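Let's take a friendly tour of one protein model. Have the sequence and the 3D view ready as you read.

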Amino acid sequence: MKLKLFYLSALSLLYVSCKTYDGKSFEAKRHEILPEEILSLDNDTLILEKNDSYSMEEKRKNLIGGSDAAMGYTYSRLLDKKIRIFEAGVRVLSTTNPNATSAGYVVFADDSSKVELFLLEHEQTTILNKAANDDGTVVWRMEGSDLMLEKSKDKWSVTKDDKLIYSSK
């Protein structure tokens with residue numbers, strides 16, 4: 001039986017919500033974690049083991065909370081660290097909502113081979129890869145996605161379905 005950890009909550013008891021797979025189908029279950037099942041709980045890493053039934057490790061490294069959140073930090077999947085996007089990224093404003101009060105941000109990898117988009121309408125960030133258009137202009141896009149980033153005349157543009165949705169000033 002294989003287990004996959006999806007959520008961990010800590011009150012007075014620990015519970016794991018998981019899906020079990022018996023070779024044919026998945027079944028959602030809620031399992032109480034007993035103290036003897038916890039091998040290690042260190043910072044954001046939880047390691048569980050119960051006899052030969054299961055063993056799992058869950059590491060939550062993209063948690064931002066407390067003083068980090070208050071200081072403006074966000075986790076960047078691309079850079080694999082906490083950053084302040086308003087310092088590390090390029091600010092882009094919505095072109096579809098002129099009354100938007102928040103901005104999106106574009107964060108570049110050190111070698112500019114990839115970018116991470118922090119856009120308001122997306123729950124998760126999107127990582128785009130550097131590519132070239134047919135005319136040779138450099139763009140960043142993700143295969144299977146309709147999002148694209150490009151620079152033209154010192155202005156960054158984010159397009160979706162060939163429509164401009166964000167632009168830098």
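This report looks at a salt bridge, a pocket and a lysine in a predicted model.

We begin with charged side chains. The count of salt bridges comes to one. Its partners are Glu-87 and Arg-84, whose side chains meet with 3.4 Å from N to O.

| Residue | Relative accessibility | Class |
|---|---|---|
| Glu-87 | 54% | exposed |
| Arg-84 | 26% | partly exposed |
| Lys-130 | 43% | partly exposed |

Glu-87 counts as exposed because its 54% relative accessibility is over the 50% cut-off.

Next comes the largest pocket, with a volume of about 330 Å³. It is lined by 17 residues, and those closest to its centre are Tyr-75, Phe-118, Glu-123, Gln-124 and Thr-125. Which strand gives the largest share of the lining? That is β11, with three residues. At least two lining residues come from each of β7 (74-76), β10 (104-108) and β11 (114-118). By type, the lining holds eight nonpolar, six polar and three charged residues.

Finally, find Lys-130 in strand β12, which covers residues 126-132. Beyond its neighbours within four places in sequence, Lys-130 is in contact with Ser-112, Ser-113, Val-138, Val-139 and Trp-140.

Conventions: Residues are numbered from 1 along each chain as its sequence is written. This is a predicted model: local features need pLDDT of at least 70, side-chain atom pairs count only at pLDDT 80 or more; totals for chains, interfaces and linings use all residues. Side-chain values use heavy atoms; hydrogens and water are left out. A salt bridge is a side-chain nitrogen of Lys or Arg within 4 Å of a carboxyl oxygen of Asp or Glu. Buried means under 20% relative accessible area, exposed over 50%, partly exposed in between (1.4 Å probe, protein chains only). On a 1 Å grid over the protein atoms alone, a cavity is a set of points where a 1.4 Å probe fits but cannot get out, and a pocket is an open set with protein on both sides within 12 Å along at least five of seven lines; lining residues have an atom within 4 Å of a point. Grid points are joined across faces, edges and corners, and a volume is the space filled by probe spheres set on the points. Helices (H or I, at least four residues) and strands (E, at least two) are DSSP runs, numbered from the N terminus. Ala, Val, Leu, Ile, Met, Phe, Trp, Tyr, Cys and Pro count as nonpolar, Asp, Glu, Lys and Arg as charged, and the others, Gly among them, as polar. Contact means heavy atoms within 4.5 Å.
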